[in-house]
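Keep the sequence and the model side by side as you go.

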Amino acid sequence: MPISNEEIAALFENMAALLEVKGENVFKVRAYQRAARAIEQHPEPLEVMVREGREEELQGIPGVGEAIAAKIVELIRTGRVRAYEEVKAQFPPGVLTLMEVPGVGPKTALRLVREVGVQTVEDLEKAILDGRVAALPRMGPKSAENILRAIHAMRRKERRIPLGDALPVAEAVASALRERLPAITHALPVGSIRRWRDTVGDIDIMVVAPDGQAVMDTLARLPMVTQVLAQGPKKGSVLVAQGLQVDVRVVEEEAFGSMLQYFTGSQQHNILLREYANRLGLSLSEYGITDVRTGALEKFSSEEAFYRRLGLPWIPPEIREGLQEIEVAARGEAPRLVTLEDIKGDFHVHTNWSDGQDPPEAMVAAAKALGYAYVAITDHSQGLGVARGLTPERLREQRRLLRSLEERYGIRIFQGSEVDIRADGTLDLPDEVLGELDLVVAAVHSALQQPREKMTQRVIKAMDNPYVTVLAHPTGRLLGEREPVDIDLEAVFTAARERGVALEVNASPKRLDLKDTHIMRAREVGVPLVISTDAHRREALGDMRFGVAQARRGWCQAAHIVNTWPWERVEAWVRERRRG
DNA sequence: GCCGTTTTCGGCCCGACTGTTTTCAGTCG
């Protein structure tokens with residue numbers, strides 16, 4: 001069973017936590033944390049790199065040096081890391097568990113285990129309720145109460161929430177603040193929302209106003225706020241519905257640029273940017289840039305000016321993840337990322353002929369209104385009974401309608417099908433029917449529990465069919481609802497490139513599938529990509545922005561995305577594949 | 001433990017908030 005980058009990252013994350021408990025050098029701890037994050041985001045499975053004898057490339061990952069590279073190899077070859085086992089043996093397992101509670105760090109966790117004897121979150125809750133925690137020296141009733149609240153909040157909300165769910169909440173809080181306090185000139189979502197991460201852990205909102213205290217008082221009294229976690233003059237944290245945490249920072253207008261940069265993050269990007277600035281003799285903070293030699297603070301009204309002062313072009317928020325973006329920008333090699341304006345059409349759209357809500361007319365009109373040159377209507381195939389999939393006869397009937405709409409709306413309409421990939425890898429429509437379509441989007445909808453090898457072969461078999469144009473939502477995940485299928489994506493990427501099949505970046509905020517790191521890897525491998533909304537109603541065509549953002553997070557340029565091409569080129573590409 | 005437009009040694013981002021503290025440690029982002 002191969003070990004995933006996420007599992008390797010988790011080990012180093014635990015290693016860092018244990019070293020922190022042990023009281024190790026904080027920079028060593030940070031080194032492990034940084035490596036863990038970089039490994040988690042690394043596009044290619046490290047297991048593949050080691051298996052293919054490319055161990056020396058491990059040190060190309062930012063933050064991975066000789067020692068950590070050796071531990072990665074050890075883990076992949078032997079299934080364990082001796083140094084980790086040794087440090088783990090020095091502490092009761094409860095320490096790491098307790099540190100999962102927000103507000104409980106290494107110091108507190110160790111004291112709770114050693115001096116109160118708790119090992120689990122349940123133990124901890126009991127110990128707080130019977131007063132044993134508050135009785136500790138340098139603890140008190142308020143500290144204990146805060147930990148208890150954190151435990152309850154943790155139980156309400158364990159996971160990160162999908163971007164599509166967080167965004168409306170963030171906008172509601174921001175606009176509520178603006179309405180109630182006219183002195184606010186800006187209130188905007190920042191943090192991982194502004195970076196368009198597929199899921200977010202909390203909501204960050206930056207507010208520009210002359211009086212921070214007034215903003216915090218207003219925040220605390222908002223109707224959607226259920227609890228105030230922290231409240232100072234410049235910064236506050238509250239809980240809103242579903243236990244979602246909202247962090248607000250207030251700044252004066254003149255520091256707009258530096259605060260926007262700071263609060264957008266990511267934290268790792270900021271750390272690296274601050275190190276970069278230090279080498280220039282500059283010190284960065286949310287308030288501006290200080291010349292270390294003179295002590296003078298320079299303020300910035302825009303992010304562009306802030307980055308420019310560091311000799312850098314503006315870096316798009318989507319790629320501020322602390323990978324190589326600063327070095328690349330400094331060399332003047334930053335890619336021009338794909339934009340929404342580059343998108344010329346949508347390749348995956350449903351109508352009420354299958355499980356969509358709106359008729360083909362409405363979907364076509366909506367695509368036209370977005371300025372698209374083309375749209376593919378891809379209703380489900382017959383086998384998907386729950387989605388009222390189309391039989392070959394219904395498909396032919398629909399084609400006549402689409403031809404008439406094409407003239408009426410002046411937009412190229414591709415008739416396609418989202419054809420089901422059956423459990424054995426065969427397709428749900430015969431080749432002669434597929435051949436009558438302009439393009440074919442193939443997807444897995446059933447037997448999602450198949451083992452890795454079987455699922456991988458099933459999907460590759462489907463891609464063997466020359467009529468298959470796009471593999472849709474390749475991992476099948478539904479954010480917050482369904483885990484991705486177990487599939488060897490490296491094998492799928494290679495097969496897709498060899499066959500000239502495009503992989504979908506499904507833009508629906510419920511899916512975002514492929515996800516950012518997969519997109520990055522697919523792009524590296526040379527797989528053509530398509531950004532599609534999978535819209536089931538006309539408004540959902542607007543989800544394209546989520547998909548474009550994910551592609552940008554994967555460092556995609558327009559050239560990597562098939563639906564930035566004019567329709568003539570798309571048609572030629574489909575024909576070429578069919579000829580083999 | 002990592003890393004280099006000062007460096008293979010000696011640094012390592014920076015500030016806000018809380019609670020329990022008479023001056024700061026712990027935690028977080």
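**Exercise 1.** Does R114 count as buried or exposed, and what is its relative accessibility?

*Solution.* This is a predicted model, in which local features need pLDDT of at least 70, side-chain atom pairs count only at pLDDT 80 or more, and totals for chains, interfaces and linings use all residues. Residues are numbered from 1 along each chain as its sequence is written, chains are lettered from A and ligands numbered from 1 in the order in which they are written, and side-chain values use heavy atoms, with hydrogens and water left out. Start by finding R114 in helix α7; helices (H or I, at least four residues) and strands (E, at least two) are DSSP runs, numbered from the N terminus. The relative accessibility of R114 is 57%, so R114 is exposed. The scale calls a residue buried under 20% relative accessible area, exposed over 50% and partly exposed in between, using a 1.4 Å probe and protein chains only.

**Exercise 2.** Work out how helices α1 and α2 are arranged.

*Solution.* First take the axes of α1 (residues 5-22) and α2 (residues 26-41): they come within 8 Å and cross at roughly 165 degrees. Such axes are lines fitted to C-alpha atoms, for helices over the stretch in contact, and angles run from 0 to 180 degrees between N-to-C directions. The two helices are therefore roughly antiparallel; angles under 35 degrees count as roughly parallel, over 145 as roughly antiparallel, 65 to 115 as roughly perpendicular and the rest as oblique. Next, list the contact (heavy atoms within 4.5 Å): α1 brings N5, E6, I8, A9, F12, E13, M15, A16, L19 and E20, while α2 brings V29, Y32, Q33, A36, I39 and E40. Sorted by class, these are ten nonpolar, two polar and four charged residues. Here Ala, Val, Leu, Ile, Met, Phe, Trp, Tyr, Cys and Pro count as nonpolar, Asp, Glu, Lys and Arg as charged, and the others, Gly among them, as polar.

**Exercise 3.** Now describe the packing of α21 and α22.

*Solution.* Helix α21 (residues 489-499) and helix α22 (residues 516-525) have axes 10 Å apart, at an angle of about 40 degrees. That makes α21 oblique to α22. On the α21 side you will find L489, E490, F493, T494 and R497, which meet H518, R521, A522 and V525 of α22. The class count is four nonpolar, two polar and three charged.

**Exercise 4.** Where does F300 lie, and which residues does F300 touch beyond its neighbours within four places in sequence?

*Solution.* Look in the loop between β10 (297-298) and α15 (303-309) to find F300. F300 is buried, with 4% relative accessible area.

**Exercise 5.** Check the backbone at G265-S266, D513-L514, A447 and H473.

*Solution.* Keep in mind that most residues other than glycine have a negative phi, and most peptide bonds are trans. From G265 to S266 the peptide bond is cis, with omega near -5 degrees; S266 sits in the loop between α13 (256-264) and α14 (267-279). D513 and L514 are also joined by a cis bond, with omega about 5 degrees. A447 has a positive phi near 50 degrees and is partly exposed at 36% relative accessible area. For H473, phi is positive at about 20 degrees, and the residue is buried at 4%.
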